[in-house]
Amino acid sequence: MNETKNAVVVGKAVIEVRGIPIAYYSRYAGSTLPEKTVLVLHGALGNAETTSDMCNELALLRPDVCVYQMDNPGHGASGGDPLETISSLSDIVCGFVEAMQDSAIFTEELYVFGHSMGGTVAAKAVIDGMKVTKLGLLQSAASWPSMIPFCEMPGDQLVAAFQQMMINEFEAINSQERTRDLIARIPDMSVSAAACIADIKALQSYDLTDMLPKLNVPTLIVHSGSDMTATVESSKCLLAGIVGSLSYYLELGTHTSVIGEYKKIAKSIANYI
């Protein structure tokens, strides 16, 4: 079923990938068939709802583009068990893109953007052979030493840590009405304790650094000066390792700037594609 929100037509559907029902969402504000497809991958400890405002804004800015999101297995509305490795998540993304292309849902021009862990997964998928026109890494990293302190944390505490991060981001927004709206949406952005544990395992056990030179597609790196998760050092590693990559820097941004600064990031993506 479709609904219209601020001139953006929002759709939700499910497609089977590797035997798993994967939920996906589309956002389109054009009046003719879209010319380009954007796929946005969410980060750890959350689901596609975390990037929905950014995707709505991007659809408004680029009515020639249909913007898609997907929930990882065991996250949001997707079925299956949460996956514990970046490689297995990459395989699902590659399978999802194949299924959407085989169904003629995706256009030939495909742009993939991943937030946080989603960026690492997107990069691995491209290295694994997924064909994209351009790639975007949003507050992402090749490796995640910042996740080490979370490795022994129980799942329910990981859920609480994610929700507190969201609250901290939202309380810095200079709008009481928007802050209230976002805080009310935190349960919709959250995932299960099991999904949180799987995400942390995937992040702490993977290092993409030596593979970065294999990313021979145009790549935009969005990074933030106050990001304590995908740190400044992490973004420098990406910029140095990916030849010809472009940088969009948010001096006061945080790890969840895709929510708090979603208009700025959507504009940077709109200009990039």
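In the predicted model, Lys134 is placed over the face of Tyr272, at 4.6 Å from the centre of the ring.

Contacts between aromatic rings were examined next. A pair of aromatic rings is described by the distance of the centres and the angle of the planes. Across the whole structure, five aromatic pairs were found. In one of these, formed by Tyr24 and Tyr68, the ring centres are 6.2 Å apart and the planes stand at 45°, so the pair is classed as tilted. Tyr24 belongs to strand β3 (residues 20–28), whereas Tyr68 belongs to strand β5 (residues 65–70); the pair therefore ties together parts that are 44 residues apart in sequence. Tyr24 has a relative accessibility of 11% and counts as buried, because the limit for this class is under 20%. Tyr68, with a relative accessibility of 8%, likewise counts as buried.

Tyr68 also pairs with Phe106: the centres of the two rings are 5.0 Å apart and their planes are at 55°, so this pair is tilted as well. Distant parts of the chain are again linked, since Tyr68 lies in strand β5 and Phe106 in the loop between α2 (86–102) and β6 (110–115), 38 residues apart. Both Tyr68 and Phe106 are buried. Together with Phe96, the residues Tyr24, Tyr68 and Phe106 form one aromatic cluster.

Key
Residues are numbered from 1 along each chain as its sequence is written. This is a predicted model: local features need pLDDT of at least 70, side-chain atom pairs count only at pLDDT 80 or more; totals for chains, interfaces and linings use all residues. Side-chain values use heavy atoms; hydrogens and water are left out. Rings of Phe, Tyr and Trp (its six-membered ring) pair if their centres lie within 6.5 Å; planes under 30 degrees apart count as stacked, over 60 as edge-to-face and the rest as tilted. Helices (H or I, at least four residues) and strands (E, at least two) are DSSP runs, numbered from the N terminus. Buried means under 20% relative accessible area, exposed over 50%, partly exposed in between (1.4 Å probe, protein chains only). A charge sits over a ring if NZ of Lys or CZ of Arg is within 6 Å of the ring centre and within 35 degrees of the ring normal.
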